[in-house]
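Subject: Structure handover

Hello,

The structure we spoke about is below. Please look it over; my notes come after it.

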Amino acid sequence: METILSLRSFCPLKISSTPNLKPVSGFKPISCNLKRNNLESPFYKPPSWVSGIHQGLAAVAISLAINFSLPGLTHTALASEFDVLNEGPPKDSYVVDDAGVLSRLTKFDLKRLLSDLESRKGYHINVVTVRKLTSKADAFEYADQVLERWYPTIEEGNNKGIVILVTSQKEGAVTGGPGFVQAVGDSILDAIVSENLPVLATEEKYNEALLSASNRLVAAIDGLPDPGGPQAKENKKESNFKTREETDEKRGQFTLVVGGLLVIAFVVPMAQYYAYVSKK
């Protein structure tokens, strides 16, 4: 037996009209004011005040990031000279290249030269490079500060020497204990400070500057002849003014050229006119 079911059999309930409900006094019906366009739009734009808040928060975040990051960067950039003081003298290398300007070969040559000097004569020389000084006025004050920090007593620093090269200021200094200064001599110390370090540093030949300075120190301690240092190049500026002879020569050439042009300007038209009249 077949049973035919109609769709109406599944919906036996009928929705009647809305009951006649009376609103309670003092209350108003709640209505939704959202527009269909705003809900259906795939790119919903927030109100202008929301965008303003977002922009304000972004500006505050950027400002905080800058305020917290810049002090760290500044401290890192200015900490090199203080790191040299706090880390103490190098144990085996004889070189503290904080500026990062020395090659591997130069470091090897300095270590070999200075270690040989220490083993033979007992004088220990440290070579230091820094990029910039902020705590001291010049390289001499900083060199004295390094010597006092690394070797606080006279006994420790008597035979110690320190060579400082400041790359940004293109200057250097040599200092040391009483025994070191006496062994080298004031004349050699002054010559190194005025010749080797500043002249070659100005040309950015930092490796050659420290090698030549170390060679002069070792030669002085060994009692050998001074190898000397580089001389500052005199940059003679050529004058832009002409001499009297050059001016007279140029004037004669100018007169000759102008005279030739005037002759051509008069002779050529006259020759053309004469040729035209003679044909007639």
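What follows is a summary of the fold, the core, the salt bridges and the surface.

This is a predicted model, in which local features need pLDDT of at least 70 and side-chain atom pairs count only at pLDDT 80 or more, while totals for chains, interfaces and linings use all residues. Residues are numbered from 1 along each chain as its sequence is written, and side-chain values use heavy atoms, with hydrogens and water left out.

Fold. The protein chain has 10 helices and four strands (DSSP runs numbered from the N terminus: helices are H or I with at least four residues, strands E with at least two). From the N terminus, the order is α-α-α-β-α-β-α-α-β-β-α-α-α-α. Of the 280 residues, 28% are buried (under 20% relative accessible area; exposed is over 50%, partly exposed in between, with a 1.4 Å probe and protein chains only).

Core. The largest nonpolar core holds 29 residues, and Ile-125, Val-174, Phe-180, Val-184, Leu-197 and Leu-217 touch the most other members. Such a core is a set of buried Ala, Val, Leu, Ile, Met, Phe, Trp, Tyr and Cys residues joined through side-chain atoms within 4.5 Å. Elements supplying at least two residues each include helix H4 (104–121), strand S2 (124–130) and helix H9 (206–222). H9 gives the most, eight residues.

Salt bridges. The whole structure has eight (a side-chain nitrogen of Lys or Arg within 4 Å of a carboxyl oxygen of Asp or Glu).

- Arg-112 and Asp-109 meet at 3.4 Å, N to O. They are three residues apart in helix H4, so about one helical turn separates them. Arg-112 is exposed, at 52% relative accessible area.
- Asp-222 pairs with Arg-120, with the closest N and O atoms 3.0 Å apart. Asp-222 is in helix H9 and Arg-120 in helix H4, so the pair ties together parts 102 residues apart in sequence. A network of salt bridges links Asp-116, Arg-120 and Asp-222.
- Arg-216 pairs with Asp-226, the closest N and O atoms being 2.6 Å apart. Arg-216 is buried, with a relative accessible area of 3%, whereas Asp-226 is partly exposed at 39%.

Surface. Leu-262, Val-263, Phe-266, Val-267 and Met-270 form a nonpolar patch with about 530 Å² of accessible area together. Patch members have over 30% relative accessible area and no salt bridge; like charges are joined within 9 Å, nonpolar side chains (Val, Leu, Ile, Met, Phe, Trp, Tyr) within 5 Å. Areas come from the Shrake-Rupley method with a 1.4 Å probe, and for residues only the protein chains shown count as cover. Val-263 is found in helix H10 (residues 244–279).

Regards
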